[in-house]
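This report describes a protein chain, going from its annotated spans to its nonpolar surface and its aromatic contacts. The sequence and structure come first.

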Amino acid sequence: MIKKMAAVIVGSLLIGVGINVFLVPHHLLDGGMIGLGLIAKYVWNVQAGLMMIVLSVPLYVAAWFYYRPFFYNSLHGLLFSSWMIDVLSVLRGVVALDPLWSAMIGGILVGAGIGLMLREETSTGGTDLLAQFIARLTNWNVGIVIFVIDACIISAGSLIIDSVPFVHSLVVVTVVGAVTTILTHEKTMGV
């Protein structure tokens, strides 16, 4: 239980810093509920973390009825990571980097945060929860499943952001997927 709590805390901090310091200043997207929360932030200027919670409700209802361990294992991850995304919004603009570097560093931090949580069988919920369902059913690596879902969300996000941030957002999703896959590889192999 302590390892799971530590993964949620450290993972949420990494995600919050990655999003606020590196992604938001350049209007970059990630995939999953984070990406959907960022799209809502860019379009309606709402809190991305709060939108993640709102958009995750249908998946949590499904988890409640079909697989409660996923519900219980990811609810605290969703709530804490969403809160950290909104609380750490004060860090926006602290670091000024080139958008490509921001995409890579932000992707590493977000991917590490998600990967740490998934290694301890918790997550930020949302589409990570959906990816866990799919990975469990198909025995695919959860990082690969997240990458596919993220690519779909980034494609939808391309309708609201310019082409340059879109290309950098593809870098974000690729790096997040790679880091998450590396951190979860042993877990899916049964080690």
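## Annotated spans

The unreviewed UniProt entry lists residues 7–28, 48–67, 74–94, 100–118, 139–160 and 166–184 under "transmembrane region". UniProt positions follow the numbering used here, feature names are shortened, and annotations may be inferred rather than shown by experiment. The model is predicted: local features need pLDDT of at least 70, side-chain atom pairs count only at pLDDT 80 or more, and totals for chains, interfaces and linings use all residues. Residues are numbered from 1 along each chain as its sequence is written, and side-chain values use heavy atoms, with hydrogens and water left out.

Residues 100–118 are 100% helix and 0% strand, with the end C-alpha atoms 26 Å apart. Residues 139–160 are 73% helix and 0% strand, and there the end C-alpha atoms lie 34 Å apart. Helices (H or I, at least four residues) and strands (E, at least two) are DSSP runs, numbered from the N terminus.

## Nonpolar surface patch

Val 57, Val 61, Trp 64, Phe 65, Tyr 66 and Tyr 72 make a nonpolar surface patch of about 690 Å². Patch residues have over 30% relative accessible area and no salt bridge; like charges are joined within 9 Å, and nonpolar side chains (Val, Leu, Ile, Met, Phe, Trp, Tyr) within 5 Å. A salt bridge is a side-chain nitrogen of Lys or Arg within 4 Å of a carboxyl oxygen of Asp or Glu. Areas come from the Shrake-Rupley method with a 1.4 Å probe, and for residues only the protein chains shown count as cover.

Helix α3 (residues 48–66) gives the largest share of the patch, 5 residues. Val 61 is in this helix and is partly exposed at 42% relative accessible area (buried is under 20%, exposed over 50%, partly exposed in between; 1.4 Å probe, protein chains only).

## Aromatic contacts

There are 5 aromatic pairs in the structure. In one of them, Trp 64 and Tyr 72 have ring centres 6.0 Å apart and planes at 75°, so the pair is edge-to-face. Rings of Phe, Tyr and Trp (its six-membered ring) pair if their centres lie within 6.5 Å; planes under 30 degrees apart count as stacked, over 60 as edge-to-face and the rest as tilted. Trp 64 is partly exposed at 31%, and Tyr 72 is partly exposed at 47%.

Phe 80 and Trp 83 form a tilted pair, 5.6 Å centre to centre with 45° between the planes. These two residues are 3 apart in helix α4 (residues 68–87), so about one helical turn separates them.
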